[in-house]
Each structure stands twice: as structure tokens, then as C-alpha cells.
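Please open the structure in your viewer and keep the selection panel at hand. The stops below say what to select and what is there.

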Amino acid sequence: MGLLSKKDTKLITDPLADNNPITIQVLGICSALAITAELEASIVMSIAVLFVLGVGNVVISLMRNIIPSKIRIIVQLIVVATLVIIVDLVLKAFAYELSKTLSVFVGLIITNCIIMGRFEAFALANGPWKSFLDGIGNSLGYAVILIIVGFFRELLGSGTLLGYQVLGDAIEKTGVYHYGYENNGFMLLAPMALITVGLIIWVQRSRNTELVED
Amino acid sequence: MEHLELFFKSIFIDNMVFATFLGMCSYLAVSKKVSTAVGLGAAVIFVMAITVPLNWLLDTYILQDGALAWLGEEYASYDLSFLSFIMFIATIATMVQLVEIVVEKFSPALYNSLGIFLPLIAVNCAILGGSLFMQSREIETLGLAFNYGISSGIGWFLAILAIAAIREKIRYSNVPPALRGLGITFIITGLMAIGFMSFGGMLTGGDEEEKKPEMIIEAINTQEKELANTIKGTK
């Protein structure tokens, strides 16, 4: 552990559970809900946010002493928008189908509150290396929730994972379908994303009662 | 008729919160009391009514493929649409600051009620989402863009008003401790979204399939078809 001191490790591990950006800080909900019908889209979205938040945090942290505080929101938005354009163009070039599925939600990374929230709360007050770790930690925390939600919605909704039929063929009636199992198509629809996140929050807060709101 | 259809469609069928999950962060954070929810909702309607038509002008006369043709023939081949994210967000951020300054100058009363919410709005995804959907749905005229901005804003306003009212009431209910606050709000929003899904057939007259360019509605339709196929397959 020569590279990471104890404090640095905490920056990465804290957002994974007890200070999770989605379930505790309530940041970045919009994209977390909209694109989780498939596991693949959730993973790609997580990688995009990891890139934008990691690099953006470093850039803002390097500029923190020269940004006038009155126009800092505009400066932050421009930095994020530039990074998001890079992500968008890369996706369009190498994963065109996927970028169609994500549609406007790649653009909406710009206003993903997770990014502005971390810029305001951390990068403006800390050095580049710490900000980088904070960015990575928070986007991993975001990724964990996205992947859990995407996993359950794709598994229960269409019986597949990453496009592979893990439960057997629904029409040929192989695998578990042989025993009368049915896909729950409702899991693919928008409202179930909200309810799934609600259930994750329930599980997390029952395990750690300190997080319960009064 | 076209205007009326877009108006009701944006409020109920394509509701910002319940159909596309835009603006969820401020929707969850500012919905503890009805009075603050009304303030933020009004500010969203106001800013969307300004930024969507502005971004429509920007998109039609500068960013689209061949939009620069009015400058002369040699510009007709330019396609600047890759710049749309940065241009839209810059417009929104400057408009929000401008609106804040103007409102503060001319109507201090309105500023006192809306003022604190305006900085929050620059990073509300509903505002940028409105402009991006306006672009991807290819809305045709400036009038329709204005209509779309206002009606999406009203849809968002209705959503936050409803959840704020429910949250004020639910304080007296016996919710499991671990679900209190955020958890139950998520689940209620999910149930409300299921309710709003029933508006889906409003403009089509029931069974008749409607052809819409929107990805999300299309995705839901194909999912329903797949579901129907699997049901047929099992019979």
C-alpha cells in the first residue's frame, strides 16, 4: 500500500457503501433509473461516468484557485460538457447500437448531479490526486447500484444477462421455463426501476441502522 | 390541434419525471414541503419556456446539418451538431443567470420566492433534457418548441406538487424505519409512474398502435410486443 495511504483508501471505499452517491447522497438518480433495463447499458454508462468524473475532478481541482466563484457553475458545466462530447463521439464511433439505446442520457451526464455535486463538495477544496481518488470512488459507488439494478431488471424482465439466455429459452421452453417460470415483463418498464432502487435502500438501511432518517 | 396534442402529450404521456426520470435529483431533494415544491416547479416552467425555444433557434440556424446555409453557399455543408451539448448547456447556464439578475431588478417579490431555486435549476436535468428531446424529436416550428417547453415544465410541476403533498401526508403513517424518507419516496414515485402509464392510450384511442419516433415509447412498445409473443409462445 505504498501508493495509497489509509485516508486515500477511505476516499475510494466510503462511497461504495456508507456514503453511496445514489442511496445516501441522493445524486445522479435520473440516469441510474432510465438506462438500467439492460445490464450492458448500465456497465457502459458506469464507465462513461467513471471517465467524466475522474478526469473532471482533476481538471477542476487544478483550476480551483483561478476560477472566480461567481461564474464557477458555468466553468464547471463547460468542463463537463467537453468531456461528455468526447464520450459521446467515442461511443458513436465504436458502439453505435449502444449509443442509440442510451440516446439523450449520454448528454445528460452533463447535468448528472453526481458530477456537479462532487465538483462543488470536493474538487474545489482539495488537491488533484485526492480529487481523482474521490472521483473514482464515487463513480464506483454509482456503478455498484447501476449494476445491481441492471442485473435484476434484465434477469427477471427478459431472462437474459448481457444478452445471453441464462434461464433457458422462453419460447422453446427449456431451462427453468420448462417448470412453468415466466418472464416478468413489468420489470423492463420504467416504474420498476424506481421500486428496485427503493428496495435496495430498504435493504441497505436495515443492515446499517445509523443511516435511517427520522 | 397539433398544439393541443403536443401540450397534453408532454404533460401526461411523456411526463418528465414519470416517463423519462428527468430532474429526479431536485424532485427528491426539494419535495419535503408543498410551498417550496411550488416555488421550484414555477421556476422550472419559467426557465423551460425560455430555454427550449432559444435552443430551438440555435439548433435550426447554427447547429444542424446545413443550418448555416443562410450565411452563404460555402457554409451549407457544415454540420456542427456535435457541439450541441456544450451550446445548449451554455445557453441554459447564461439564461439562468440572466433571469436571476432581471427578476431581482424588476420584481423583488418574485425573486424572494423563486430566487433561491434559480441556481439549482442550471443543473436540473429536466431543463437540458427538454432541449435534447426537442432536438431528437425534431420539433418543427418555434411555436411548437415554445409549447413543448411550457408543457414539459407543467408536467414536472404537477409531479413535484403531487409528491410533496403525499410526503406531507405520509409523515403521519407508520412506515418501516428503514424505508422512511428516501426509500418510501422512491416506491411511491414508482407507483405514481404506473398510474401515469395509463395515460399512454389517451391520444391514440386505445388499442390502435401509434407510430412515434421517441426511443423510449418505442422501446416500451417493443417490450410489450415481446411480452405478448412470449405469452403466445407459452399457450
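This is a predicted model: local features need pLDDT of at least 70, side-chain atom pairs count only at pLDDT 80 or more; totals for chains, interfaces and linings use all residues.

**Stop 1: chain A**

Select chain A and colour it by secondary structure. The chain has 9 helices and 2 strands. Followed from the N terminus, its elements run α-α-α-α-α-α-α-α-β-β-α. The C-alpha trace spans about 65 × 45 × 35 Å along its principal axes. Of the 214 residues in chain A, 51% count as buried. Among contacts in chain A with a separation of 6 or more, 73% come from residues 24 or more positions apart.

**Stop 2: where chain A touches chain B**

Show both chains and select the residues in contact. There are 54 on chain A and 49 on chain B. Together the two chains bury about 4,300 Å², and 83% of that area is on carbon and sulfur atoms. Which elements of chain A give two or more residues to this side? They are α2 (29-34), α4 (72-94), α5 (96-102), α6 (104-107), α7 (113-123) and α9 (190-207). Select α9(A) next, as this helix gives the most, with 12 residues. Coloured by class, the side of chain A that touches chain B shows 35 nonpolar, 11 polar and 8 charged residues. A search for salt bridges between chain A and chain B gives a count of 0.

**Stop 3: the salt bridges**

Over all chains, the structure holds 3 salt bridges.

Start with Asp88(A) and Lys92(A), whose side chains meet at 3.4 Å, N to O. These two are 4 residues apart in helix α4 of chain A, so about one helical turn separates them. Asp88(A) is buried, at a relative accessible area of 12%, whereas Lys92(A) is partly exposed, at 43%.

Move to Arg118(A) and Asp134(A), which form a salt bridge at 3.2 Å, N to O. Arg118(A) is in helix α7 and Asp134(A) in helix α8 (residues 128-158) of chain A, 16 residues apart. Are these two residues buried or exposed? Both Arg118(A) and Asp134(A) are buried.

Finish in chain B with Arg137(B) and Asp14(B), whose salt bridge is 3.4 Å, N to O. Arg137(B) lies in the loop between α7 (125-136) and α8 (142-170), and Asp14(B) in the loop between α1 (2-13) and α2 (24-29), so the pair ties together parts of chain B that are 123 residues apart in sequence. Both Arg137(B) and Asp14(B) are buried.

How values were computed: Residues are numbered from 1 along each chain as its sequence is written. Chains are lettered from A and ligands numbered from 1 in the order in which they are written. Side-chain values use heavy atoms; hydrogens and water are left out. Contact means heavy atoms within 4.5 Å. Buried area is the accessible area (1.4 Å probe) that two parts lose on being put together, summed over both. A salt bridge is a side-chain nitrogen of Lys or Arg within 4 Å of a carboxyl oxygen of Asp or Glu. Ala, Val, Leu, Ile, Met, Phe, Trp, Tyr, Cys and Pro count as nonpolar, Asp, Glu, Lys and Arg as charged, and the others, Gly among them, as polar. Buried means under 20% relative accessible area, exposed over 50%, partly exposed in between (1.4 Å probe, protein chains only).
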